[in-house]
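Good morning, and thank you for coming. Please look at the sequence and the structure on the screen while I take you through some of the packing.

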Amino acid sequence: MTQTLAELSQSIFATLGLAGSENLLGFAGNEGARECLLLVDGLGKNAIDEFGSKLKTLKELEYKATLSATFPSTTATSLTSLGTGLSPGLHGMVGYTMRVPHSGTPERILNALKWDERVDPYIFQPNKTLFERANEAGIRSSHISAKRYADTGFTKAALRGGIYVGVNSLEELASGASAALRDANSFAYVYLNDVDEASHGSGFGSDKFVAALEKVDRLIELLLRHLPKGTRLWISSDHGMINRGEFVVIGKDNDLLKEVNLMAGEPRVRYLYVDEDKCDAVRSRWEDELGESVTVLTRAEALSQGLFGQVRDSVVERIGDLVVIAQGDFILVEKEREAQQCAMVGHHGGTTSQECEIPLLTRSL
(Lines give C-alpha, C1' and ligand atoms only; values in the text may rest on other atoms or scores of the structure.)
Protein backbone atom coordinates (compact mmCIF):
# COMPACT_ATOMS: atom_id res chain seq x y z
CA MET A 1 0.00 0.00 0.00
CA THR A 2 1.33 3.43 -0.93
CA GLN A 3 1.70 5.55 2.20
CA THR A 4 0.97 9.20 1.49
CA LEU A 5 0.05 12.25 3.56
CA ALA A 6 -3.48 10.83 3.66
CA GLU A 7 -2.26 7.83 5.65
CA LEU A 8 -0.03 10.07 7.78
CA SER A 9 -2.77 12.49 8.84
CA GLN A 10 -5.26 9.70 9.45
CA SER A 11 -2.73 7.86 11.61
CA ILE A 12 -1.92 10.93 13.70
CA PHE A 13 -5.59 11.72 14.33
CA ALA A 14 -6.25 8.05 15.11
CA THR A 15 -3.75 8.24 17.98
CA LEU A 16 -5.82 11.15 19.32
CA GLY A 17 -8.92 8.97 19.22
CA LEU A 18 -10.71 10.45 16.22
CA ALA A 19 -13.46 8.04 15.24
CA GLY A 20 -13.32 6.86 11.63
CA SER A 21 -9.56 7.45 11.31
CA GLU A 22 -7.28 4.47 10.85
CA ASN A 23 -3.79 4.22 12.29
CA LEU A 24 -2.52 2.98 8.95
CA LEU A 25 1.13 3.68 9.80
CA GLY A 26 0.93 1.86 13.13
CA PHE A 27 2.03 4.74 15.37
CA ALA A 28 2.32 4.11 19.09
CA GLY A 29 0.08 6.11 21.39
CA ASN A 30 1.26 9.37 22.90
CA GLU A 31 0.40 9.90 26.55
CA GLY A 32 0.74 13.66 26.14
CA ALA A 33 -2.04 13.65 23.50
CA ARG A 34 -0.49 16.58 21.68
CA GLU A 35 0.52 16.17 18.04
CA CYS A 36 2.31 18.75 15.88
CA LEU A 37 2.89 18.24 12.15
CA LEU A 38 5.35 20.56 10.39
CA LEU A 39 4.84 20.41 6.64
CA VAL A 40 7.85 21.73 4.72
CA ASP A 41 6.73 22.32 1.15
CA GLY A 42 9.20 20.85 -1.35
CA LEU A 43 11.35 18.94 1.16
CA GLY A 44 11.94 15.66 -0.65
CA LYS A 45 13.84 12.70 0.75
CA ASN A 46 16.63 13.67 -1.62
CA ALA A 47 17.12 16.88 0.36
CA ILE A 48 17.53 14.87 3.57
CA ASP A 49 19.91 12.44 1.89
CA GLU A 50 22.15 15.15 0.44
CA PHE A 51 21.98 17.92 3.03
CA GLY A 52 20.44 16.51 6.22
CA SER A 53 23.76 15.70 7.88
CA LYS A 54 24.70 19.39 7.68
CA LEU A 55 21.57 20.56 9.53
CA LYS A 56 22.30 20.73 13.24
CA THR A 57 18.81 20.09 14.62
CA LEU A 58 17.21 18.05 11.87
CA LYS A 59 19.96 15.43 11.89
CA GLU A 60 19.15 14.65 15.53
CA LEU A 61 15.57 13.66 14.72
CA GLU A 62 14.40 10.09 14.22
CA TYR A 63 13.90 9.23 10.54
CA LYS A 64 10.64 7.32 10.84
CA ALA A 65 9.71 6.40 7.25
CA THR A 66 9.80 7.34 3.60
CA LEU A 67 6.34 8.25 2.35
CA SER A 68 5.14 8.98 -1.18
CA ALA A 69 3.67 12.10 -2.68
CA THR A 70 0.30 11.69 -4.34
CA PHE A 71 -0.13 11.63 -8.10
CA PRO A 72 0.43 14.25 -9.35
CA SER A 73 3.26 15.04 -6.92
CA THR A 74 2.05 18.57 -6.44
CA THR A 75 1.04 20.76 -3.50
CA ALA A 76 -2.67 21.12 -4.26
CA THR A 77 -3.16 17.37 -4.49
CA SER A 78 -0.90 16.23 -1.65
CA LEU A 79 -2.12 18.83 0.85
CA THR A 80 -5.75 18.02 0.15
CA SER A 81 -4.94 14.39 0.88
CA LEU A 82 -3.37 15.53 4.13
CA GLY A 83 -6.39 17.65 5.02
CA THR A 84 -9.00 15.04 4.20
CA GLY A 85 -7.18 11.74 4.69
CA LEU A 86 -8.42 10.73 1.23
CA SER A 87 -6.95 9.76 -2.12
CA PRO A 88 -6.92 12.36 -4.93
CA GLY A 89 -9.71 10.51 -6.72
CA LEU A 90 -11.99 10.92 -3.70
CA HIS A 91 -11.18 14.49 -2.69
CA GLY A 92 -11.07 15.64 -6.33
CA MET A 93 -8.13 18.04 -6.25
CA VAL A 94 -6.41 16.12 -9.02
CA GLY A 95 -3.77 18.66 -10.00
CA TYR A 96 -2.34 22.14 -9.86
CA THR A 97 -4.77 23.04 -12.65
CA MET A 98 -7.70 20.94 -13.85
CA ARG A 99 -10.94 21.20 -15.81
CA VAL A 100 -14.13 22.33 -14.11
CA PRO A 101 -16.63 20.03 -15.84
CA HIS A 102 -19.83 21.54 -17.21
CA SER A 103 -18.59 25.10 -16.63
CA GLY A 104 -19.53 26.47 -20.05
CA THR A 105 -18.14 26.47 -23.55
CA PRO A 106 -15.21 26.30 -23.49
CA GLU A 107 -15.03 24.80 -20.02
CA ARG A 108 -12.88 26.60 -17.48
CA ILE A 109 -9.55 25.53 -16.01
CA LEU A 110 -9.26 25.91 -12.23
CA ASN A 111 -5.90 26.82 -10.72
CA ALA A 112 -6.24 25.14 -7.32
CA LEU A 113 -3.79 27.42 -5.52
CA LYS A 114 -5.05 30.70 -7.00
CA TRP A 115 -8.69 29.55 -7.12
CA ASP A 116 -11.68 31.06 -8.95
CA GLU A 117 -14.50 32.86 -7.16
CA ARG A 118 -17.02 31.17 -9.46
CA VAL A 119 -16.10 27.79 -7.95
CA ASP A 120 -17.50 27.03 -4.49
CA PRO A 121 -14.69 25.26 -2.56
CA TYR A 122 -17.22 23.49 -0.32
CA ILE A 123 -18.91 21.95 -3.35
CA PHE A 124 -15.78 21.28 -5.38
CA GLN A 125 -14.26 19.43 -2.39
CA PRO A 126 -17.32 18.30 -0.39
CA ASN A 127 -15.70 15.83 2.02
CA LYS A 128 -15.29 16.86 5.63
CA THR A 129 -11.65 17.49 6.49
CA LEU A 130 -9.93 15.82 9.40
CA PHE A 131 -9.71 19.28 10.99
CA GLU A 132 -13.49 19.63 10.87
CA ARG A 133 -14.09 16.13 12.18
CA ALA A 134 -11.55 16.59 14.95
CA ASN A 135 -12.99 19.84 16.22
CA GLU A 136 -16.49 18.36 16.18
CA ALA A 137 -15.14 15.49 18.29
CA GLY A 138 -13.54 17.81 20.85
CA ILE A 139 -9.98 17.52 19.53
CA ARG A 140 -8.61 21.04 19.24
CA SER A 141 -7.21 21.36 15.72
CA SER A 142 -5.17 24.38 14.60
CA HIS A 143 -3.54 25.55 11.37
CA ILE A 144 -0.51 27.83 11.76
CA SER A 145 0.68 29.41 8.54
CA ALA A 146 1.21 32.70 6.72
CA LYS A 147 -1.63 35.19 7.04
CA ARG A 148 -2.05 35.39 3.26
CA TYR A 149 -3.35 31.81 3.05
CA ALA A 150 -6.10 32.20 5.65
CA ASP A 151 -9.12 32.87 3.42
CA THR A 152 -8.06 31.38 0.10
CA GLY A 153 -10.30 29.06 -1.85
CA PHE A 154 -7.69 26.34 -1.58
CA THR A 155 -7.53 26.56 2.21
CA LYS A 156 -11.32 26.40 2.37
CA ALA A 157 -11.38 23.37 0.10
CA ALA A 158 -8.46 21.38 1.45
CA LEU A 159 -7.70 22.42 5.02
CA ARG A 160 -10.85 24.02 6.39
CA GLY A 161 -12.02 23.55 9.93
CA GLY A 162 -8.85 24.18 11.87
CA ILE A 163 -8.43 27.26 14.04
CA TYR A 164 -6.35 29.42 11.70
CA VAL A 165 -3.40 31.26 13.23
CA GLY A 166 -1.90 33.70 10.73
CA VAL A 167 1.79 34.46 11.28
CA ASN A 168 4.69 36.32 9.66
CA SER A 169 7.87 34.85 11.16
CA LEU A 170 9.51 31.66 12.37
CA GLU A 171 9.11 32.81 15.97
CA GLU A 172 5.37 33.32 15.41
CA LEU A 173 5.07 29.87 13.82
CA ALA A 174 6.65 28.30 16.88
CA SER A 175 4.74 30.35 19.44
CA GLY A 176 1.47 29.81 17.55
CA ALA A 177 2.00 26.05 17.59
CA SER A 178 2.90 26.14 21.28
CA ALA A 179 -0.26 28.04 22.17
CA ALA A 180 -2.38 25.72 20.04
CA LEU A 181 -1.08 22.74 21.99
CA ARG A 182 -1.36 24.17 25.48
CA ASP A 183 -4.07 21.64 26.36
CA ALA A 184 -4.03 17.90 25.82
CA ASN A 185 -6.05 16.26 23.06
CA SER A 186 -4.88 18.76 20.46
CA PHE A 187 -3.31 18.90 17.00
CA ALA A 188 -1.32 21.66 15.31
CA TYR A 189 -0.49 21.82 11.60
CA VAL A 190 2.42 24.13 10.77
CA TYR A 191 3.26 25.05 7.16
CA LEU A 192 6.44 26.55 5.66
CA ASN A 193 7.08 27.02 1.93
CA ASP A 194 10.60 28.50 1.71
CA VAL A 195 12.21 25.33 0.35
CA ASP A 196 9.67 25.07 -2.45
CA GLU A 197 10.14 28.73 -3.42
CA ALA A 198 13.93 28.44 -3.40
CA SER A 199 13.80 25.27 -5.48
CA HIS A 200 11.52 26.75 -8.11
CA GLY A 201 13.49 29.96 -8.34
CA SER A 202 17.09 28.79 -8.06
CA GLY A 203 17.02 24.99 -8.18
CA PHE A 204 17.49 22.01 -5.92
CA GLY A 205 20.93 22.24 -4.33
CA SER A 206 21.41 25.95 -5.01
CA ASP A 207 22.69 28.39 -2.38
CA LYS A 208 19.15 29.69 -1.87
CA PHE A 209 17.92 26.12 -1.46
CA VAL A 210 20.53 25.44 1.24
CA ALA A 211 19.62 28.72 2.97
CA ALA A 212 15.98 27.64 2.97
CA LEU A 213 16.94 24.31 4.56
CA GLU A 214 18.84 26.20 7.26
CA LYS A 215 15.67 28.21 7.90
CA VAL A 216 13.76 24.97 8.32
CA ASP A 217 16.37 23.82 10.81
CA ARG A 218 15.94 27.03 12.82
CA LEU A 219 12.19 26.52 12.90
CA ILE A 220 12.61 22.94 14.14
CA GLU A 221 14.92 24.22 16.86
CA LEU A 222 12.32 26.80 17.91
CA LEU A 223 9.55 24.23 17.93
CA LEU A 224 11.58 21.83 20.08
CA ARG A 225 12.30 24.68 22.48
CA HIS A 226 8.74 26.04 22.76
CA LEU A 227 6.31 23.16 22.24
CA PRO A 228 4.81 21.94 25.54
CA LYS A 229 5.94 18.73 27.17
CA GLY A 230 3.92 15.79 25.90
CA THR A 231 4.02 16.99 22.29
CA ARG A 232 5.07 14.65 19.50
CA LEU A 233 6.57 16.55 16.57
CA TRP A 234 6.28 15.16 13.05
CA ILE A 235 8.04 16.64 10.01
CA SER A 236 7.14 15.75 6.44
CA SER A 237 6.50 17.27 3.02
CA ASP A 238 4.12 17.26 0.07
CA HIS A 239 6.65 16.47 -2.70
CA GLY A 240 10.32 16.67 -3.62
CA MET A 241 11.99 18.59 -6.42
CA ILE A 242 13.86 17.88 -9.64
CA ASN A 243 15.86 20.40 -11.69
CA ARG A 244 14.67 20.66 -15.25
CA GLY A 245 16.62 19.60 -18.29
CA GLU A 246 15.29 19.68 -21.84
CA PHE A 247 11.83 21.04 -22.62
CA VAL A 248 9.24 21.47 -25.33
CA VAL A 249 7.00 24.50 -25.74
CA ILE A 250 3.60 23.00 -26.51
CA GLY A 251 2.05 24.47 -29.61
CA LYS A 252 5.14 26.43 -30.62
CA ASP A 253 6.63 25.10 -33.85
CA ASN A 254 4.70 21.85 -33.38
CA ASP A 255 1.16 20.48 -33.70
CA LEU A 256 0.81 19.16 -30.16
CA LEU A 257 -2.33 21.20 -29.48
CA LYS A 258 -4.06 20.11 -32.68
CA GLU A 259 -7.47 18.60 -31.80
CA VAL A 260 -6.92 19.36 -28.09
CA ASN A 261 -9.86 21.27 -26.59
CA LEU A 262 -8.21 22.20 -23.29
CA MET A 263 -4.90 21.58 -21.57
CA ALA A 264 -4.25 21.69 -17.82
CA GLY A 265 -1.77 20.30 -15.30
CA GLU A 266 1.76 21.64 -14.96
CA PRO A 267 5.14 21.19 -16.66
CA ARG A 268 5.74 17.68 -15.33
CA VAL A 269 2.22 16.33 -15.91
CA ARG A 270 -0.24 17.56 -18.51
CA TYR A 271 -3.96 16.82 -18.83
CA LEU A 272 -5.33 16.93 -22.37
CA TYR A 273 -9.08 17.21 -22.80
CA VAL A 274 -9.96 15.75 -26.17
CA ASP A 275 -13.08 14.56 -28.01
CA GLU A 276 -13.40 10.80 -27.74
CA ASP A 277 -12.96 10.21 -31.45
CA LYS A 278 -9.74 12.28 -31.49
CA CYS A 279 -7.96 10.59 -28.56
CA ASP A 280 -6.03 8.04 -30.60
CA ALA A 281 -4.80 10.64 -33.06
CA VAL A 282 -3.72 13.06 -30.33
CA ARG A 283 -1.98 10.33 -28.40
CA SER A 284 -0.08 9.19 -31.46
CA ARG A 285 0.91 12.76 -32.26
CA TRP A 286 2.38 13.34 -28.79
CA GLU A 287 4.17 10.00 -28.74
CA ASP A 288 5.61 10.52 -32.22
CA GLU A 289 6.75 14.06 -31.40
CA LEU A 290 8.16 13.48 -27.92
CA GLY A 291 9.11 9.80 -27.91
CA GLU A 292 10.57 8.48 -24.66
CA SER A 293 10.51 11.94 -23.07
CA VAL A 294 6.88 11.30 -22.07
CA THR A 295 4.45 8.56 -21.15
CA VAL A 296 0.95 9.10 -22.52
CA LEU A 297 -1.95 7.33 -20.81
CA THR A 298 -5.64 7.40 -21.52
CA ARG A 299 -7.81 8.33 -18.56
CA ALA A 300 -8.97 4.71 -18.36
CA GLU A 301 -5.37 3.51 -18.22
CA ALA A 302 -4.48 6.04 -15.52
CA LEU A 303 -7.46 4.95 -13.43
CA SER A 304 -6.74 1.25 -13.91
CA GLN A 305 -3.15 1.80 -12.76
CA GLY A 306 -4.51 3.35 -9.57
CA LEU A 307 -2.70 6.66 -10.02
CA PHE A 308 -5.53 8.55 -8.27
CA GLY A 309 -6.60 5.80 -5.88
CA GLN A 310 -10.33 5.23 -5.58
CA VAL A 311 -12.15 7.77 -7.77
CA ARG A 312 -15.66 9.12 -7.26
CA ASP A 313 -17.83 9.64 -10.33
CA SER A 314 -17.96 13.44 -10.09
CA VAL A 315 -14.15 13.63 -10.19
CA VAL A 316 -13.54 11.52 -13.30
CA GLU A 317 -14.07 14.33 -15.81
CA ARG A 318 -11.61 16.59 -14.01
CA ILE A 319 -8.84 14.22 -15.09
CA GLY A 320 -7.61 14.62 -18.66
CA ASP A 321 -8.84 12.32 -21.39
CA LEU A 322 -5.10 11.87 -21.89
CA VAL A 323 -2.54 12.11 -19.07
CA VAL A 324 0.98 13.02 -20.24
CA ILE A 325 3.75 12.34 -17.72
CA ALA A 326 7.18 13.83 -18.39
CA GLN A 327 10.05 11.37 -17.95
CA GLY A 328 13.54 12.05 -16.64
CA ASP A 329 14.04 15.79 -16.15
CA PHE A 330 11.97 16.85 -19.18
CA ILE A 331 9.27 19.54 -18.84
CA LEU A 332 6.20 20.43 -20.92
CA VAL A 333 5.90 24.20 -21.24
CA GLU A 334 2.80 26.25 -22.11
CA LYS A 335 3.42 28.71 -24.92
CA GLU A 336 1.59 31.50 -23.05
CA ARG A 337 3.80 30.97 -19.98
CA GLU A 338 7.06 30.07 -21.69
CA ALA A 339 9.22 32.68 -20.00
CA GLN A 340 7.86 31.95 -16.54
CA GLN A 341 8.00 28.17 -16.74
CA CYS A 342 11.41 28.03 -18.39
CA ALA A 343 12.78 30.41 -15.75
CA MET A 344 11.77 27.95 -13.03
CA VAL A 345 14.70 25.66 -12.31
CA GLY A 346 13.07 23.23 -9.91
CA HIS A 347 9.87 21.36 -10.81
CA HIS A 348 7.61 18.63 -9.44
CA GLY A 349 4.40 16.85 -10.33
CA GLY A 350 5.86 13.79 -12.01
CA THR A 351 6.69 10.27 -10.92
CA THR A 352 10.46 10.25 -10.38
CA SER A 353 11.84 9.30 -6.97
CA GLN A 354 13.15 12.87 -6.56
CA GLU A 355 9.61 14.20 -6.83
CA CYS A 356 7.72 11.45 -5.04
CA GLU A 357 9.81 10.27 -2.10
CA ILE A 358 9.12 12.37 0.98
CA PRO A 359 10.58 11.96 4.48
CA LEU A 360 8.84 11.47 7.80
CA LEU A 361 10.88 12.49 10.84
CA THR A 362 9.81 12.69 14.45
CA ARG A 363 10.76 13.68 18.00
CA SER A 364 8.79 13.33 21.22
CA LEU A 365 9.12 16.05 23.85
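How many of the ten residues of H3 are buried? Before I answer, a word on the source. This is a predicted model, in which local features need pLDDT of at least 70, side-chain atom pairs count only at pLDDT 80 or more, and totals for chains, interfaces and linings use all residues. Residues are numbered from 1 along each chain as its sequence is written, and side-chain values use heavy atoms, with hydrogens and water left out.

I shall speak of helices and strands as DSSP runs (helices are H or I with at least four residues, strands are E with at least two), numbered from the N terminus. Buried means under 20% relative accessible area, exposed means over 50%, and partly exposed lies in between, using a 1.4 Å probe and protein chains only.

Now the answer: ten of the ten residues of H3 are buried, and the helix is mostly covered. Among them are Thr75, Leu79, Leu82 and Gly83. What do these buried residues pack against? Their partners are H1, strand E1 (34–40), helix H4 (88–91), helix H6 (130–136), helix H7 (153–158) and strand E7 (186–192). Just after H3 comes glycine 85, with a positive phi of about 75 degrees.

Let us turn to pairs of helices. Two packed helices are described by the angle between their axes and the distance between the axes. Here the axes are lines fitted to C-alpha atoms, for helices over the stretch in contact, and the angles run from 0 to 180 degrees between N-to-C directions.

For helix H1 (residues 5–15) and helix H3 (residues 75–84), the angle is about 25 degrees and the axes are 7 Å apart. H1 and H3 are therefore roughly parallel to each other. In this scheme, angles under 35 degrees count as roughly parallel, over 145 as roughly antiparallel, 65 to 115 as roughly perpendicular and the rest as oblique. H1 passes H3 in a right-handed crossing; a crossing is right-handed if the near helix is turned clockwise from the far one by less than a right angle, and left-handed if anticlockwise. Contact, meaning heavy atoms within 4.5 Å, is made by Leu5, Ala6 and Ser9 of H1 and Ser78, Leu79, Ser81 and Leu82 of H3. These residues divide into four nonpolar, three polar and no charged. For these classes, Ala, Val, Leu, Ile, Met, Phe, Trp, Tyr, Cys and Pro count as nonpolar, Asp, Glu, Lys and Arg as charged, and the others, Gly among them, as polar.

The second pair is helix H9 (residues 194–202) with helix H10 (residues 207–226), whose axes come within 8 Å and cross at roughly 180 degrees. H9 and H10 are therefore roughly antiparallel to each other. Their contact includes Val195 and Ala198 of H9 and Phe209 and Leu213 of H10. By class, it has six nonpolar, two polar and three charged residues.

H10 also packs with helix H8 (residues 170–180), at an angle of about 35 degrees and with the axes 9 Å apart. This crossing of H8 with H10 is right-handed. Among the residues in contact are Leu173 and Ala177 of H8 and Leu219 and Leu222 of H10. The contact divides into seven nonpolar, two polar and three charged residues.

My last topic is charge. Side chains of opposite charge can pair when their charged atoms come close. The structure holds 20 salt bridges, each being a side-chain nitrogen of Lys or Arg within 4 Å of a carboxyl oxygen of Asp or Glu.

One of them joins lysine 45 and aspartate 49, with the closest N and O atoms 2.8 Å apart. Why are these two separated by about one helical turn? They are separated in this way because they stand four residues apart in helix H2 (residues 45–51). Aspartate 49 is exposed, at a relative accessible area of 51%.

In another salt bridge, arginine 108 meets aspartate 116 at 3.5 Å, N to O, and both residues are buried. Glutamate 334 and arginine 337 form a further one, at 2.9 Å from N to O. There, glutamate 334 is buried at 14% relative accessibility, whereas arginine 337 is partly exposed at 39%.
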